[in-house]
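Me: I have not looked at this structure before. Could you show me how to read a few of its features?

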Amino acid sequence: MNKEFIPKLFSLLKEGISKETITKDVLSGLIVGIVALPLAIAFAIASGVSPEKGIITAIIAGIIISVFGGSRVQIGGPTGAFIVIVYGIVQEFGVNGLTIATFMAGFIIIGLGLARLGNLLKFIPYSLIVGFTSGIALIIFSSQINDFFGLQIAKVPADFIDKWVVYFENIDKINGYAIAIAAGTVIITLYFQKLIKKIPGSIVAILLSTIVVQIFGIPVDTIESNFGEIPNHLSMPSLPNVDYATVKSLIQPAFAIALLGGIESLLSAVVSDSMIGGKHRSNMELIAQGAANIFSAIFGGIPATGAIARTATNVKNGGRTPIAGIVHALVLLSIMLLFAPYAKLIPLSCLAGILMVVAYHMSEWRQFRSILKGNRMDIIILLSTFFLTVIFDLVIAIEIGIVLSSFMFMKRMSESVLVEKITADNINGEHLFDDELLELPKNVLLYEINGPLFFGAARQFQETISNTHLQPKVIIIRMRYVPLIDATGYQSLKEIIKSYRAKGIKVILSGINEETKKDFEKNEMFLVLEEEYILKHINEALDKAKSFN
């Protein structure tokens with residue numbers, strides 16, 4: 001089997017894992033499992049679904065991603081990035097629609113992995129990633145205002161602007177107790193680990209706020225008051241009922257889940273690689289992520305991906321193999337089985353405080369500010385993606401962001417293609433030919449092309465060569481530094497050759513190796529130019545040109 005499609009855990013088990021490493025992984029898994037609990041619950045509630053769905057997702061997806069993934073230390077589960085998409089799907093299609101979209105997204109992600117597109121997803125521009133990540137952070141922040149201030153608004157609008165209108169309309173309902181709990185949670189979550197590194201601040205905040213609320217009977221909303229009991233067992237697996245009409249209506253959200261999940265999981269894997277000096281298998285990681293989403297849907301969970309913050313926590317606590325991720329999932333399962341009845345007592349204002357901290361860390365405001373000082377196209381992509389995410393929809397933001405990024409790529413690539421015109425009167429051997437010393441005959445025009453001749457640069461290339469006012473007998477097009485020619489490039493090349501040959505001007509191609517010749521044959525270049533005019537070396541091309549004088 002190809003190595004890139006072998007799970008990292010299987011390779012590590014074959015090599016052997018030391019007892020010391022296993023011990024560190026188990027301890028790290030325990031810590032990460034505790035860290036993941038409040039986040040799983042908070043992400044589920046913020047996404048518009050019941051809290052146990054977040055825990056189920058963290059358990060099922062966590063195990064599958066660790067066992068079958070391509071990263072040594074990746075921790076999988078629900079993440080803040082999905083809140084916007086999931087909330088929108090639930091509002092429009094209901095929880096059943098979300099389950100089907102997650103199920104479909106899983107197969108799409110597996111398809112991306114099998115097609116070896118894992119490496120391509122890593123080339124999505126950083127400005128686009130920062131744009132929608134910062135937009136998501138702002139949306140998460142705004143979605144928690146209701147619980148943070150204890151406004152008790154029964155139905156908060158999904159639209160960003162409408163949401164703030166409703167908040168200001170209910171400003172007189174602020175609950176001071178809720179603010180105190182939420183603010184205390186933010187402070188403890190941010191600063192507690194400076195005192196005791198091994199204990200997550202979020203867990204301390206949850207325990208303290210829950211105990212205080214229950215002892216003193218503080219009037220704030222809890223999980224129980226809004227969602228009822230949290231089941232202390234996994235739901236039975238069941239396949240969602242998928243038909244053509246459902247697939248048609250949910251294909252766009254499914255692709256959005258798949259694309260966002262793929263980007264975030266590989267971004268997390270890249271970050272963790274830099275922390276441990278490792279190298280993940282991107283395509284195997286995608287296949288595992290796809291399988292995790294399929295089984296998450298089957299067990300009634302929500303979309304899952306690699307979680308950057310939990311993965312970093314795993315690394316910092318000594319995790320070095322997928323065993324840590326498996327332990328993290330088992331810890332969550334144990335907590336669900338044993339302590340679920342107590343989790344219902346957690347105040348929603350406490351969870352809001354935790355999500356405020358998540359939003360702050362997701363905002364990447366330093367990177368946002370840095371990109372604003374950079375290239376104009378990067379700024380356009382950043383701001384477009386950011387405002388589209390916040391005001392309209394994350395799906396639209398990603399789609400338009402990728403289109404803008406493609407245009408930026410084409411523009412930059414076309415600008416990198418240099419077409420240089422040389423005649424016998426202006427030849428400069430050092431500039432054009434490096435160490436070559438060549439004599440260019442009269443009535444011969446030489447073009448040197450540097451860079452890929454693809455659809456983004458083909459028109460520029462065609463116009464540059466066609467817009468000459470000279471009437472030479474021979475034109476040599478030197479292509480030794482052309483690494484790529486696509487269908488549009490071949491078409492432009494054919495049109496140039498036909499145009500000059502119609503005027504009685506000979507065209508010679510130079511720098512064409514045997515591999516490129518095979519591509520010429522596939523693209524029917526020999527129908528417009530005989531093989532004798534397609535030469536490997538510039539000296540051969542010059543000798544051919546002299547024979548016409």
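Predicted model: local features only at pLDDT ≥ 70, side-chain atom pairs only at ≥ 80, totals over all residues.

Me: Is Cys 350 buried or exposed?

Reply: Cys 350 is buried, because its relative accessibility is 0%. Cys 350 sits in helix H16, which covers residues 348-362.

Me: Which residues does Cys 350 touch, leaving out those up to four places away in sequence?

Reply: Cys 350 touches Ile 181, Thr 185, Ala 205, Ile 206 and Ser 209. Ala 178 is 172 residues from Cys 350 along the chain, yet their C-alpha atoms are separated by 8.0 Å. For the protein as a whole, take the contacts between residues at least 6 apart in sequence: 82% of them join residues at least 24 apart.

Me: How many cavities of 30 Å³ or more are there?

Reply: Rolling a probe the size of a water molecule over the atoms shows where empty space is left. Here the count is one cavity of 30 Å³ or more. The largest cavity holds about 40 Å³ of space.

Me: Which helix gives the largest share of the lining of the largest cavity?

Reply: Helix H15, residues 323-343, gives six residues, the largest share. The lining residues include Leu 37, Ile 55, Ile 230 and Phe 339. By class, the lining has nine nonpolar residues, with no polar and no charged ones.

Definitions and conventions
Residues numbered from 1 in each chain as written. Heavy atoms only, no water. Helix = DSSP H or I, 4+ residues; strand = E, 2+ residues; numbered from the N terminus. Buried < 20%, exposed > 50% of the residue type's maximum accessible area, 1.4 Å probe, protein only. Contact = heavy atoms within 4.5 Å. 1 Å grid on protein atoms, 1.4 Å probe; cavity = no way out; pocket = protein on both sides within 12 Å on 5 of 7 lines; lining within 4 Å. Points joined across faces, edges and corners; volume = space filled by probe spheres on them. Nonpolar A, V, L, I, M, F, W, Y, C, P; charged D, E, K, R; others polar.
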